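Student: Could you walk me through this protein, one question at a time?

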Amino acid sequence: MVSSTVEAPAPHDNLSELEASGRASLLTNLTYSIALSLSGDPGAETFGSRTEITFDAADGASTFIDLAAETVDRVELNDRVMTAEQAGFDGHRLQLTGLRA
């Protein structure tokens, strides 16, 4: 797996109301499955996680996922595995292009 390290902005800076409204009109049947890997170290600055997001979208639609993370090890979209760079990860967004219905 390949990791990318970037400085991530505060989560509240990621998404405008207009962007949220536009994305909501593209996606239906949205579900999230999130697993956190928390250490016993109260001083730890980061933690591991795995998030699976399932949704329906129109063929060919594009959107993004808000993600404030230091690293992204793996992205899978429509059964295609990509690196963070291939998914356009910039420290707070993953670009999702060529969505399938």
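The questions and answers below go from the overall fold to the pocket, the salt bridges and the surface.

Tutor: Happy to. A note before we start: this is a predicted model, in which local features need pLDDT of at least 70, side-chain atom pairs count only at pLDDT 80 or more, and totals for chains, interfaces and linings use all residues. Residues are numbered from 1 along each chain as its sequence is written, and side-chain values use heavy atoms, with hydrogens and water left out.

Student: In what order do the elements of the protein run from the N terminus on?

Tutor: Helices (H or I, at least four residues) and strands (E, at least two) are DSSP runs, numbered from the N terminus. The protein has one helix and six strands. Read from the N terminus on, the order is α-β-β-β-β-β-β.

Student: What percentage of the residues in the protein is buried?

Tutor: Buried means under 20% relative accessible area, exposed means over 50%, and partly exposed is in between, with a 1.4 Å probe and protein chains only. The protein has 101 residues, and the buried share of them is 22%.

Student: Which strand gives the most to the lining of the largest pocket?

Tutor: A pocket is found on a 1 Å grid over the protein atoms alone, as an open set of points where a 1.4 Å probe fits, with protein on both sides within 12 Å along at least five of seven lines; lining residues have an atom within 4 Å of a point. The largest pocket holds about 1,600 Å³ of space, a volume being the space filled by probe spheres set on the grid points, which are joined across faces, edges and corners. Of its 41 lining residues, Arg-50, Thr-51, Glu-52, Ile-53 and Leu-94 are the closest to the centre. At least two lining residues each come from helix H1 (17-26), S1, strand S2 (48-57), strand S3 (63-66), strand S4 (75-77) and strand S6 (93-96), and the top contributor, with eight residues, is S2.

Student: How many nonpolar residues are in the lining of the largest pocket?

Tutor: Ala, Val, Leu, Ile, Met, Phe, Trp, Tyr, Cys and Pro count as nonpolar, Asp, Glu, Lys and Arg as charged, and the others, Gly among them, as polar. The lining has eleven charged residues and eight polar ones, and its nonpolar residues number 22.

Student: Which residue forms a salt bridge with Arg-23?

Tutor: A salt bridge is a side-chain nitrogen of Lys or Arg within 4 Å of a carboxyl oxygen of Asp or Glu, and the whole structure has five of them. In one of them, the closest N and O atoms are 3.3 Å apart, and the pair links helix H1 with strand S3, 43 residues apart.

Student: About how much accessible area does the nonpolar patch on the surface have?

Tutor: Patches are made of residues with over 30% relative accessible area and no salt bridge, with like charges joined within 9 Å and nonpolar side chains (Val, Leu, Ile, Met, Phe, Trp, Tyr) within 5 Å. Among the members of this patch are Ile-34 and Leu-36; Ile-34 is exposed at 56% relative accessibility, and Leu-36 is exposed at 51%. Accessible areas come from the Shrake-Rupley method with a 1.4 Å probe, and for residues only the protein chains shown count as cover. Leu-30, Tyr-32, Ile-34, Leu-36, Leu-38 and Phe-47 together have about 680 Å².

Student: How far apart are the C-alpha atoms of Leu-36 and Gly-48?

Tutor: Leu-36 is part of strand S1. Along the chain, Leu-36 and Gly-48 are twelve residues apart, and their C-alpha atoms are separated by 6.0 Å.
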